[in-house]
Amino acid sequence: MITKDTIQHKFQSIFHSTPLVVRSPGRINIIGEHTDYNGGFVLPAAIDKAVYVAVSKRSDLRICLYAEDYQERYEVELSERAPTEKHWPNYILGVVDQLVQRGHVVEGFNLYIDGDIPLGAGLSSSAAVECATTLALNELFALDIPRLEIPKIGQLAEHTYAGVKCGIMDQFASTFGKKDHVIKLDCRSLEFEYVPLKLDGYTIVLFNSNVKHSLASTAYNTRREQCEQAVEWIRVNHPEVDSLRDANVAMLDAYVKERDIEVYTKARFVVEEIERLQLACKSLQEGDIPLLGRYMFDTHDGLSKAYEVSCPELDFLVDIVRPLPQVLGSRMMGGGFGGCTINIVESAYVDELVRLISDQYVKQFGKDVTVIKVQTADGTSTI
Ligand code: GLA
């Protein structure tokens, strides 16, 4: 288990100084997928799996990094920072770059990183790294960054250094998560409310397909461009429409459908998903978990058939639980092309379900499914 002590100890042995330590969690998302970069709503929660970042100052202007997962060091002069071929330093260097661009005085530092968020599972380990790094450097150099800026800095780091034009959901959930709650976030205004996650007798179970989303960033950016294209066409007649949040199906029918059916299908999914989130959130607030579950299945079908960001493994994991009365809802979660499904399962049935799914999955795909049980947790903080 990772604790403050184990982190400090390891840091000491690598960098010979005592660090300050920040924890930033991964996230799940109940519903509202691919809506964040369209100005819509999302319903994520931070989880009890996190990234830990430990930092200390240096007397020179070097950035010295060590990643426990890769047992690897990376060093660069602050002034020479740039996106690297190596993946993992980018999330940290991207944050440094954002801070410097905003006029903050950042000096040399040592940074050690460890965590227990499964990588490539769609639980936003990269957003957690960005948010942890932002808070750690904020504390180390007394930058006085308002909390609401943390997710924005993380998101831009991802755009510029990782090349993924992501929305703000992951970084926001990691920063603002609250135990036993989901966040209903308006991604246009960044206003949010905490909604209690009361599932009475049901448990959230994640099935990791163990398909790593390799081509995902290109496809993700393409989806985003398709959504922006739809908005551009609508705006010719409705200049008040800034994002798909302001659009409706009638507008898509009138100005997009005949021009490009693919753009239409993608944009229509987003418009419907933004609407669906409102209904799903209401059902959660009213304790109608079976209804919430049905919306989750609808979301999956949209993501798979219309938005086309699923894969055979994820579809299989959803289809296999669909007829089971003990599973209220299931869908692929996050950007897509791999990662996990999120399931709402009768608590007493979880063990049996895990056996069933594990058996069937290995038979079908010749590889294992991994079960991840998660609890909700608080957001980014020093520990
Ligand atoms: C990824 C992105 C998020 C969001 C989801 C899809 O996790 O980082 O911003 O767009 O995909 O909902």
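The place of N210 is in the loop between β9 (202-208) and α6 (216-235), where helices (H or I, at least four residues) and strands (E, at least two) are DSSP runs, numbered from the N terminus. The model is a predicted one, in which local features need pLDDT of at least 70 and side-chain atom pairs count only at pLDDT 80 or more, while totals for chains, interfaces and linings use all residues. Residues are numbered from 1 along each chain as its sequence is written, and side-chain values use heavy atoms, with hydrogens and water left out.

Most residues other than glycine have a negative phi. With a relative accessible area of 34%, N210 is partly exposed; here buried means under 20% relative accessible area, exposed over 50%, and partly exposed in between (1.4 Å probe, protein chains only). A second residue of this kind is E308, which has a positive phi of about 55° and is not a glycine either. E308 sits in the loop between α9 (289-306) and α10 (312-321), and it counts as partly exposed at 40% relative accessibility.

Other loops hold buried residues. T376 is found between β12 (370-373) and β13 (381-382), and its relative accessibility of 9% is why it counts as buried. The side chain of T376 reaches the backbone nitrogen of D180 at 2.6 Å. In the loop between β4 (62-67) and β5 (72-77) lies E68, which counts as buried at 17% relative accessibility. The side chains of E68 and K10 are joined by a polar contact of 2.7 Å. A polar contact is a pair of N or O atoms within 3.5 Å; within protein, one must be able to donate a hydrogen and the other to accept it, and residues adjacent in sequence count only if both atoms are side-chain atoms.

L143 belongs to the loop between α3 (125-140) and α4. This residue is buried, with a relative accessible area of 11%. From C-alpha to C-alpha, L143 and G103 are 10.0 Å apart in space, and they are 40 residues apart in sequence.

The helix α4 itself covers residues 149-162, 14 residues in total. From its first C-alpha to its last, α4 reaches 19 Å, close to the 20 Å expected at 1.5 Å a residue; the expected span is 1.5 Å times one less than the number of residues. The helix is mostly covered, with 10 of its 14 residues buried. Among them are E149, I150, P151, I153 and Y161. Just after α4, G163 takes a positive phi of about 75°.

Turning to the strands, an open sheet is formed by 3 of them in the order β2-β7-β8, with antiparallel pairing. Its edge strands are β2 (41-42) and β8 (192-196), each of which pairs on one side only. Two strands pair if DSSP finds at least two bridges between them. Strands of a sheet pair through backbone hydrogen bonds, either parallel or antiparallel. Strand β7 (residues 181-186) is joined to β8 by 5 bridges, and the two run antiparallel. Within this pair, V182 stands opposite V195 in β8.

Another antiparallel pair is made by β10 and strand β11 (residues 340-346), over 5 bridges. The bridge partner of G329 in β11 is I344. Strand β10 (residues 327-332) has 6 of its 6 residues buried, so it is largely enclosed by the rest of the structure.

Around it are R27, E33, H34, D36, Y37, C166, G167, M169, D170, Y220, G334 and G335, where a residue is near a molecule or strand if one of its heavy atoms lies within 4 Å of it. This shell divides into 4 nonpolar, 4 polar and 4 charged residues; Ala, Val, Leu, Ile, Met, Phe, Trp, Tyr, Cys and Pro count as nonpolar, Asp, Glu, Lys and Arg as charged, and the others, Gly among them, as polar. An N or O atom in the side chain of E33 is 2.7 Å from an oxygen atom of the ligand. For Y220, a polar side-chain atom lies 2.5 Å from an oxygen atom of the ligand. Of the 310 Å² of accessible area that the ligand has on its own, the protein covers 92%; accessible areas come from the Shrake-Rupley method with a 1.4 Å probe, and for residues only the protein chains shown count as cover.
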